[in-house]
Amino acid sequence: MQFWQSTGDLPKYFARAAARYDRIPGHMYAIEVEGLKKVFGNVEAVAGIDLIVSEGEMFGFLGPNGAGKSTTTKILTTLLRPTAGTARVAGFDIVTHPHEVRLSIGVALQEAGLDTLATGREMLVLLARLQGLRGGQPHKRAAAMLDLVGLSDAADRRLGTYSGGMRRRLDLAGALIHGPKLLFLDEPTTGLDPASRHAIWEEVARLNREEGITVFLTTQYLEEADRLAERVAIIDHGRIVALGSPTELKSEIAADILTLAVPEESMDVAKEALTRLPGLKEIQSDTKELTLFVTGGSSAIASAVRLLHEVDVTVGSVKLSSPTLDEVFLRATGSRLEGAEQQQAETDGKKRGRKEAS
Amino acid sequence: MSVALAPHARTYRRETEFFRATYYVAMREIRNLIRTPAAFIPSFFIPLFFFFVQSGSLQRLAERSGQVTDYKAFVLPVAILFSVSNEGAGFNMVTDIERGYFDKLMLCPANRLAVLIGTVGANFAGVLFRSLIVTAIALATGLHFATGIAGILPMVFLASLWGLVFAGIAMAVAIKTANAQAVQGSIVFLFPLLFLTTSFAPREAMTGWLKVAVGYNPITYILEGMRSFSAYGFDATRIAKGVLAVLIMAPITMGLSIAALRGRLK
Ligand SMILES: Nc1ncnc2c1ncn2[C@@H]1O[C@H](COP(=O)(O)OP(=O)(O)OP(=O)(O)O)[C@@H](O)[C@H]1O
Ligand SMILES: [Mg+2]
């Protein structure tokens, strides 16, 4: 039996994984977070997180609704004060030197904060001025950033007339207007259609690759974290439950994923029977699906079906796959990343209503 | 295309940045004021309507009583004062907070107070402009202004300063609650105070508790200060009392909005 099969060990295992970073003394980090906590009334939105982001890194912060992504982002960008813990951004303490932090960062929050009565250009010019650009610079920069995000044609239209995707892009332009070396993006592609999403991905990847901009990006999309981030922190209920490069995290699972659709009423029987499966590392169930972490690949399919046949459980469908970040999340938290299935649907072009954290 | 900025392109001078930020925030606020004519234009009609209806209906009666000589000059400050005591600054701030634009401003390196002062400043300018127009129209329709043309600006200025007191409350509630109803509620709650003054009759004509309450209401002193310019003729004591009322009240309500701003970060 593997040690993580007893669920008691799971939190410890992932806590160790989460703390696994190499802090080099004297090295300048873009972001350093220690024991960060934020409590709202009786809600512990951020429950003590530690992480380090190196300069030039593309860091993903992946978690379901209400995990604490936005709260963390707001603390790191000086919009909220932490309840406990410390953080340094661009080398400055966020509580004692918020001014220096703000001078160093570009931020696009989850809600694109736009002045609907202003035109795109007017808003960017104002932001440039408030960022300390003078003379002809604000206009020059505004034009350049509008061009960068492909909004030159709409530049002189009021923001109230922009579509959701255009608003997101303008927000990104605003975050870049003063040429920051460190960029915070809170769910930059939520609510966008696949084409706009890919456009943002490409641009963010380019900024990181070609211009060396450090990116701290939150997302609830596995695919986004997987594609973009060099390292991912998976956050759930205010805690980091896994941390590492996507490849690393997936290989840590060291197993294939066998998914079996089983009638709800036979779930318990099925689960019991499958514990005898050779090569089983872990088993997770929800109402209509069993997820098995197995070694032995395709031979496990036959064995599993046989075991279920012996206890008279009919199997709806069987799927064997390599682990994704969803399984990493499942292993760490016992539940699938909320909306993982819908996300697939959304990627296929459908829209999904998002639960608002309020 | 590169987003990197040439090293010399951005010279952030903290000392001057506060004033620049205040100015740009104020200009944006004024621009938005002008771009919402549906809210801006009615704000002219309400004081004018009040002025004409009030003076039209009561002028004869009041002047015959012998206690006021020119009822129009007596009632104009009331019309202006009512119109400056509004929640406009708070409403706009609620909208900004709801849209996330306020956070955007808070993310800028400029001192956050600049956002508050810029908003208040723009509101002040708007109120001043509106009050001047209202006074000009009143003059054009036969009002006799006691201290002449030179007295108009100081009177309007005093009224607009009082507008800051209300703006401070509206903004404090706006920042604290981010709720338009709450902002409106706070002003509605204070509105009766405007009546507990000498707005419709001189203090000498009052009796009992009303007379006492009116004496404790700072708005009475603003109103009387304004009337020194429009109706009574220059009266340094009255004006000083009005200015004093603002000097006491404005820091209190502005302090409330600063406290609300601080609290927002918690
Ligand atoms: N100002 C607030 N007051 C009270 N509770 C809050 C506040 N902000 C956030 N929370 C709570 O803190 C928790 C974390 O919220 P947060 O917005 O950080 O989540 P998130 O990971 O960004 O979620 P989403 O994907 O929905 O944006 C939630 O339970 C939320 O309700
Ligand atoms: Mg969020």
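# Reading a predicted two-chain model

Q: Let's start with the open sheet of four strands in chain A. What is its strand order, and is the pairing parallel or antiparallel?
A: The general idea is that strands of a sheet pair through backbone hydrogen bonds, in either a parallel or an antiparallel way. Here the order is E12-E13-E11-E14 in chain A, and the pairing is antiparallel. Bear in mind that you're looking at a predicted model.

Q: Which strands stand at the edges of that sheet?
A: Strand E12 (280-285) and strand E14 (318-321) of chain A do. Each has a single partner strand, so one side of each is left without a neighbour in the sheet. From one strand to the next, the twist averages 20°.

Q: How many bridges hold the pairing of E11 with E13 in chain A?
A: Six bridges, with strand E11 covering residues 256-261 and strand E13 covering residues 289-294 of chain A. If you want one pair to click on, take Leu258(A), whose bridge partner in E13(A) is Leu292(A).

Q: What does helix H10 of chain A touch, and how is it angled relative to E13(A)?
A: Helix H10 (residues 267-274) packs on the sheet, touching E11, E12 and E13 of chain A, and its direction makes about 10° with that of E13(A). Now look at helix H12 (residues 325-333) of chain A: this one lies across E11, E12 and E13 and runs at about 95° to E13(A).

Q: Are Ser70(A) and Gln110(A) buried or exposed?
A: Both Ser70(A) and Gln110(A) are buried. Another residue to look at in helix H2 of chain A is Thr72(A). Thr72(A) has 1% relative accessibility, so it counts as buried, the limit being under 20%. Leaving out residues up to four places away in sequence, Thr72(A) touches Leu36(A), Val46(A), Ile49(A), Phe61(A) and Ile235(A).

Q: How should I read the nonpolar core? Which residues of the largest one touch the most other members?
A: In soluble globular proteins, nonpolar side chains tend to be buried together. The largest core here has 144 residues, and Ile31(A) and Leu51(A) touch the most other members. Its largest share, 16 residues, comes from helix H8 (residues 152-177) of chain B. A second, separate core has 19 residues, including Leu62(A), Ala242(A), Ile253(A) and Phe293(A).

Q: What does Leu51(A) touch, not counting residues up to four places away in sequence?
A: Its contacts are Ile31(A), Glu32(A), Val33(A), Phe59(A), Phe61(A), Phe216(A) and Ile240(A).

Q: Now the charges. How many salt bridges are there over all chains?
A: The count is 22. Arg121(A) is partly exposed at a relative accessible area of 25%, while Asp156(A) counts as exposed at 55% relative accessibility.

Q: Where do Arg31(B) and Glu122(A) lie?
A: Arg31(B) is in helix H1 (residues 14-34) of chain B and Glu122(A) is in helix H4 of chain A, so the pair joins two chains. Their side chains meet in a salt bridge at 3.8 Å, N to O. Arg31(B) counts as buried at 19% relative accessibility, whereas Glu122(A) counts as partly exposed at 25%.

Q: Which residues are joined into one network by salt bridges that share partners?
A: They are Asp115(A), Glu122(A), Arg28(B), Glu29(B), Arg31(B), Arg35(B) and Asp96(B).

Q: Last one: how many helices and strands does chain A have?
A: Chain A has 13 helices and 14 strands. Of its 358 residues, 56% are buried.

Terms used
Residues are numbered from 1 along each chain as its sequence is written. Chains are lettered from A and ligands numbered from 1 in the order in which they are written. This is a predicted model: local features need pLDDT of at least 70, side-chain atom pairs count only at pLDDT 80 or more; totals for chains, interfaces and linings use all residues. Side-chain values use heavy atoms; hydrogens and water are left out. Buried means under 20% relative accessible area, exposed over 50%, partly exposed in between (1.4 Å probe, protein chains only). Two strands pair if DSSP finds at least two bridges between them. Axes are lines fitted to C-alpha atoms, for helices over the stretch in contact, and angles run from 0 to 180 degrees between N-to-C directions. Contact means heavy atoms within 4.5 Å. A nonpolar core is a set of buried Ala, Val, Leu, Ile, Met, Phe, Trp, Tyr and Cys residues joined through side-chain atoms within 4.5 Å. A salt bridge is a side-chain nitrogen of Lys or Arg within 4 Å of a carboxyl oxygen of Asp or Glu.
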